[in-house]
Amino acid sequence: MSAELLQFIFSGITVGAIYALVGLGFSIIYNASQVINFAQGEFVMIGGMATVSLLAAGLPMPVAIVLAILATIVVGMALEKLAIEPARSASIVTLIIITIGASIFLRGLAQIVWDRNFHPMSSFSGDKPINIGGASIVPQSLWVLGSTVVIVIALWIFFHRTRFGKAILATSFNSDVARLMGINVRFVLLFSFALAAMLGAIAGILITPIILTSYQVGVLLGLKGFSAAIVGGLGNPMGAIAGGFVVGIAESMTAGYISSDYKDAVAFIIILLVLFLRPQGLFGRKISERV
C-alpha cells in the first residue's frame with residue numbers, strides 16, 4: 001500500500017469517526033421517536049464552541065470539556081421538553097420541521113453568545129505527527145478514534161447489559177407495547193435527546209483541534225452525520241458507525257484523487273445511490289412500516 005493511499009485512509013477514518021458519532025445521535029433519537037433531528041449538528045457546534053470559550057476563561061481543559069458536554073446535554077433536553085414534547089401529537093413531518101427551526105434558532109443564538117469567527121483549540125496531547133508506513137497521523141486523530149471505540153463499546157454495554165438500556169431498545173421496537181409494560185416512554189425520549197446531545201458535543205470537542213470551530217460548523221457535520229445514518233440504515237446504531245467510516249473514507253479518496261472541490265458532495269451522492277439501490281441502508285433490514 002502506497003504512503004499516499006495510507007494517508008488518505010488515515011484522514012478518512014478520522015473524519016469518518018466523527019460522522020459516526022453524529023450519525024449515532026440521529027439513530028438514537030430516530031429509534032426513540034421516529035423523528036429525524038436536524039439540530040444534531042448544532043450539538044456538535046455547541047460542544048466545540050463552549051469548550052473554546054471556557055478554555056479562554058481560564059478553566060483547565062478537562063473541566064472545560066465536562067462543562068461543555070453538560071451544557072450541550074441541557075440544550076438537548078430543553079429542545080425535547082420545549083419543542084418536541086408539546087408537539088408530540090403532531091405528524092412526523094411537523095416534528096422534523098420543528099428540529100430544522102431549532103437548528104436555525106441555535107445557530108442564531110450562537111452568533112449572539114459567541115461570534116461569527118473561527119476558533120482554534122489546542123490538541124489534547126501535542127501536534128507532532130506520528131509516522132506510520134510513510135504516512136503521518138496527528139495525535140488528535142488517535143484521540144478521535146480511541147474515543148469513538150470507547151463510546152461504541154460503552155453504548156453496546158449500556159443497551160444490552162443494563163435494564164434501562166433494554167427499556168430504550170424496547171421502546172424503539174414498539175413504544176405502545178413498551179408503555180403497557182410500564183416503561184416511561186416520555187422519559188426515554190428525553191434521555192435519548194440528552195444522549196444524542198452528549199455524543200454531538202463529544203464529536204465537536206474531538207474535531208475542533210483539527211478543523212477549528214464556528215457557529216456554523218454544525219451544518220455540514222450534521223448533514224454528513226445524517227448521511228452516515230442513512231448509509232448504515234436509519235435507526236441502526238452499528239450501521240451508523242459503519243456508514244460514518246464509509247462516508248469519511250470516500251470523501252477523503254475523492255479529495256485526494258479527484259479534487260477537494262467535490263469532497264463535500266460525496267456524502268450526498270452516496271445517499272442518493274443508497275436510496276436508489278438499497279433504501280433500507282447497507283446494514284438495515286426491510287421493515288414495511290418504515291418504507
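**Aromatic pairs and a nonpolar patch**

A nonpolar surface patch of about 600 Å² is made by I269, L272, L273, F276 and L277. The model is predicted: local features need pLDDT of at least 70, and side-chain atom pairs count only at pLDDT 80 or more. Residues are numbered from 1 along each chain, and side-chain values use heavy atoms, without hydrogens and water.

Reader: Is L273 buried, partly exposed or exposed?
Author: Buried means under 20% relative accessible area, exposed over 50%, partly exposed in between (1.4 Å probe, protein chains only). L273 has 48% relative accessibility, so it counts as partly exposed.

Reader: How many aromatic pairs does a search of the whole structure find?
Author: Rings of Phe, Tyr and Trp (its six-membered ring) pair if their centres lie within 6.5 Å; planes under 30 degrees apart are stacked, over 60 edge-to-face, the rest tilted. The search of the whole structure finds ten.

Reader: How many residues apart in sequence are the parts that F26 and F226 tie together?
Author: The F26 and F226 rings are 5.5 Å centre to centre, with 50° between the planes, a tilted pair. F26 lies in helix α1 and F226 in helix α9, so the pair ties together parts separated in sequence by 200 residues.

Reader: What kind of pair do F158 and F159 form?
Author: F158 and F159 are both buried. Their ring centres are 5.2 Å apart and their planes are at 65°, so the pair is edge-to-face.

Definitions and conventions:
Helix = DSSP H or I, 4+ residues; strand = E, 2+ residues; numbered from the N terminus. Patch = residues over 30% accessible without salt bridge, like charges linked within 9 Å, V, L, I, M, F, W, Y side chains within 5 Å. Areas by Shrake-Rupley, 256 points an atom, 1.4 Å probe, with all protein chains shown as cover. Salt bridge = Lys/Arg side-chain N within 4 Å of Asp/Glu carboxyl O.
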